[in-house]
Amino acid sequence: LIGSVAWATFNAQPRAARAGDEPIKLLNPRFVGRDDKGRAFVLTADSAIRDPSDYQRVMLQKPALVLDENGPDQMRINGATGVFHEQTGKLEPSNGVRMADSKNAFATAASLFDTKTGEVVGSGPIQGAGGLGEISAESYGVYGKGDRMVFKGGVKTRLEQKK
């Protein structure tokens, strides 16, 4: 009896992962909500996978966020990849992030967008253009629904005269 138990123990195959052990994958997910100013936002992606160790963390492929879609302050943010933290409402798009509103368009490597406050910050290089001209910097922040933009580190700008 002892010999057969030992034989079965040493020759046993590892247990295959069950379907319940796999992370949850969503195709064409859609997250909706409102920021603290009441503006609606819609976050979509090509696919999403929930982090098995943190259910509130969702890894996204081709995330696209639209804030205030039909309002006067519409803003779009998208990237090749991203992470959405459902509990905090923070989106971290990365790999070729594009941000645009009715007045400005920017490109950066990564960003952090807070869906609750509507603020965008980033510590990577950014470059863009708007109604006043072009700008590039090492870090940035967008506050107050885009009313205030702060650029830091190696800021270079070219202002264009309005006609």
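## Report on a predicted protein model

The protein exposes about 10500 Å², and carbon and sulfur atoms supply 53% of this area. The structure described here is a predicted model. Of the 163 residues of the protein, 33% count as buried. The protein contains 1 helix and 17 strands. Among the contacts with a separation of 6 or more, 33% are between residues 24 or more positions apart.

### The nonpolar core

In soluble globular proteins, nonpolar side chains tend to be buried together. In this model, the largest nonpolar core has 23 residues. The residues with the most contacts inside this core are Leu60, Met99, Phe113 and Val120. Several elements give two or more residues to the core, namely strand E3 (40-44), strand E5 (54-61), strand E6 (64-67), strand E7 (75-78), strand E9 (90-101), E14 and strand E15 (139-143). Of these, E9 gives the most, with 3 residues.

The surroundings of Val120 can be listed in detail. Leaving out residues up to four places away in sequence, Val120 touches Met75, Ile77, Met99, Ser111, Leu112, Phe113, Tyr140, Gly141 and Val142.

Met75, one of the residues touched by Val120, lies in strand E7. Met75 has a relative accessible area of 13% and is therefore buried, as the cut-off for a buried residue is under 20%. Apart from neighbours within four places in sequence, Met75 is in contact with Leu65, Val66, Leu67, Ala100, Asp101, Phe113 and Val120. A further distance concerns Met75 and Gly118, which are 43 residues apart along the chain and whose C-alpha atoms are separated by 9.8 Å.

### Aromatic pairs and a charge over a ring

The model has 2 aromatic pairs. The table gives their geometry.

| Pair | Centre to centre | Angle between the planes | Arrangement |
|---|---|---|---|
| Phe31 and Phe84 | 5.1 Å | 50° | tilted |
| Phe106 and Phe151 | 5.8 Å | 35° | tilted |

Phe31 belongs to strand E2 (residues 30-34) and Phe84 to strand E8 (residues 81-85), so this pair ties together parts that are 53 residues apart in sequence. Phe31 and Phe84 are both buried.

Phe106 is found in strand E10 (residues 104-110) and Phe151 in strand E16 (residues 148-152); the pair therefore ties together parts that are 45 residues apart in sequence. Phe106 has a relative accessible area of 12% and so counts as buried.

A ring is also involved in another arrangement: Arg50 lies over the face of Tyr55, at 4.3 Å from the ring centre.

### Strand pairing around E14

Which strands pair with E14 over bridges? Strand E13 (residues 126-130) pairs with strand E14 (residues 133-137) in the antiparallel sense, over 5 bridges. A hairpin through 2 residues joins E13 to E14. Within this pairing, Gln127 has Ser136 in E14 as its bridge partner.

E14 is also joined to strand E17 (residues 156-159) by 4 bridges, and these two strands run antiparallel. Here, Ile135 has Thr157 in E17 as its bridge partner. In a regular strand the side chains alternate between the two faces of the sheet.

Definitions and conventions
Residues numbered from 1 in each chain as written. Predicted model: local features only at pLDDT ≥ 70, side-chain atom pairs only at ≥ 80, totals over all residues. Heavy atoms only, no water. Phe/Tyr/Trp six-rings, centres within 6.5 Å; stacked < 30°, edge-to-face > 60°. Buried < 20%, exposed > 50% of the residue type's maximum accessible area, 1.4 Å probe, protein only. Lys NZ or Arg CZ within 6 Å of the ring centre and 35° of its normal. Pairing = 2+ DSSP bridges. Core = buried A, V, L, I, M, F, W, Y, C linked by side-chain atoms within 4.5 Å. Contact = heavy atoms within 4.5 Å. Areas by Shrake-Rupley, 256 points an atom, 1.4 Å probe, with all protein chains shown as cover.
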